[in-house]
Amino acid sequence: GSTIGALSVLSVVTLVIGLILCKGTITGGWVPINKNLWSISFVMITSASAYFLLGLMYLLIDFLHLWCGSPFNSAGKNPLFLYVGSYIVYSYFPFNWQTAQTHAALMLQSLVGTICWLLVGLYLDYKKKYFKI
């Protein structure tokens, strides 16, 4: 109840603030959306999407019990291993390969890399191997 409501309100408020600051355009408004500079409009709109997704996950996992969170909970049991591993083998296939510098090609490459690391996390969880400091 109240958690979902709070996340919904935060999502709407931050989205409205972000849209007002950029006047609903990407390059216009008082404060244009600029990822490189982390403009306040970029931060507000990104925060709105994060609050929305967090509320949705809370609703599906904790409130309605429609989903257990898999495979992300398995990856979350070894975050340091997955982070360091991704840094070490970033330049190797299947995590990276020569591709066109288009949004679609780079998105596919990122998606394949993410799925591979989720599979690593699932395997480590299946084998009950957890790396910690």
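**A chat about the helices and loops**

Q: Let's start near the end. Where does Lys128 lie?
A: Lys128 sits in the segment after α5. Keep in mind that this is a predicted model.

Q: Is Lys128 buried or exposed?
A: Exposed. Its relative accessible area is 60%, and the cut-off for exposed is over 50%.

Q: And what is phi of Lys128?
A: Phi of Lys128 is positive, about 60 degrees, although the residue is not a glycine.

Q: Which residue has a phi near 55 degrees?
A: His65. Its phi is positive, and His65 is not a glycine either.

Q: Where is the place of His65?
A: His65 is in the loop between α2 and α3. The residue counts as exposed, at 62% relative accessibility.

Q: What kind is the peptide bond from Phe93 to Pro94?
A: That bond is cis, with omega near 10 degrees. Pro94 is placed in the loop between α4 and α5.

Q: Which form do most peptide bonds take?
A: Most peptide bonds are trans.

Q: On to helices. How many residues does α1 have?
A: α1 has 21 residues. From its first C-alpha to its last, the helix reaches 30 Å. That is close to the 30 Å expected at 1.5 Å a residue.

Q: Which residues of α1 are buried?
A: Ile4, Leu7, Ser11, Thr14, Gly18 and Cys22 are buried in α1.

Q: How do they sit around the axis of α1?
A: Looking down the axis of α1, the buried residues fall within an arc of 110 degrees, so they line one face of the helix.

Q: How do α1 and α2 meet?
A: α1 spans residues 2–22 and α2 spans residues 40–63. Their axes come within 7 Å and cross at roughly 160 degrees. Angles over 145 count as roughly antiparallel, and α1 and α2 are therefore roughly antiparallel to each other.

Q: What classes of residue make up the contact of α1 with α2?
A: By class, that contact has 18 nonpolar, seven polar and no charged residues.

Q: Is the crossing of α1 and α2 left-handed or right-handed?
A: The crossing of α1 and α2 is left-handed.

Q: And is the crossing of α4 and α5 left-handed or right-handed?
A: α4 and α5 cross in a right-handed way.

Q: At what angle do the axes of α4 and α5 cross?
A: At roughly 140 degrees, and the axes come within 11 Å. α4 is residues 79–88 and α5 is residues 103–126. These helices are therefore oblique to each other.

Q: How many residues separate Trp38 and Val89 along the chain?
A: They are 51 residues apart along the chain. Their C-alpha atoms are separated by 28 Å.

Q: Is Leu124 buried or exposed?
A: Leu124 is buried, with a relative accessible area of 9%. The residue is in helix α5.

Q: And how are Leu124 and Lys77 placed?
A: Leu124 and Lys77 are 47 residues apart along the chain, and 8.9 Å separates their C-alpha atoms.

Q: Which helix does Leu59 lie in?
A: Leu59 is part of α2. Leu59 is partly exposed, at a relative accessible area of 26%.

Q: How far apart in space are Leu59 and Gly113?
A: They are 28 Å apart, C-alpha to C-alpha, and 54 residues apart in sequence.

Q: Last one. What about Ile61?
A: Ile61 is found in α2. At 23% relative accessibility, Ile61 counts as partly exposed. Ile61 and Tyr92 are 31 residues apart along the chain, with their C-alpha atoms separated by 35 Å.

Definitions and conventions
Residues are numbered from 1 along each chain as its sequence is written. This is a predicted model: local features need pLDDT of at least 70, side-chain atom pairs count only at pLDDT 80 or more; totals for chains, interfaces and linings use all residues. Side-chain values use heavy atoms; hydrogens and water are left out. Axes are lines fitted to C-alpha atoms, for helices over the stretch in contact, and angles run from 0 to 180 degrees between N-to-C directions. Helices (H or I, at least four residues) and strands (E, at least two) are DSSP runs, numbered from the N terminus. Angles under 35 degrees count as roughly parallel, over 145 as roughly antiparallel, 65 to 115 as roughly perpendicular and the rest as oblique. A crossing is left-handed if the near helix is turned anticlockwise from the far one by less than a right angle, and right-handed if clockwise. Ala, Val, Leu, Ile, Met, Phe, Trp, Tyr, Cys and Pro count as nonpolar, Asp, Glu, Lys and Arg as charged, and the others, Gly among them, as polar. The expected span of a helix is 1.5 Å times one less than its number of residues. Buried means under 20% relative accessible area, exposed over 50%, partly exposed in between (1.4 Å probe, protein chains only). The arc is that of the directions from the helix axis to the C-beta atoms.
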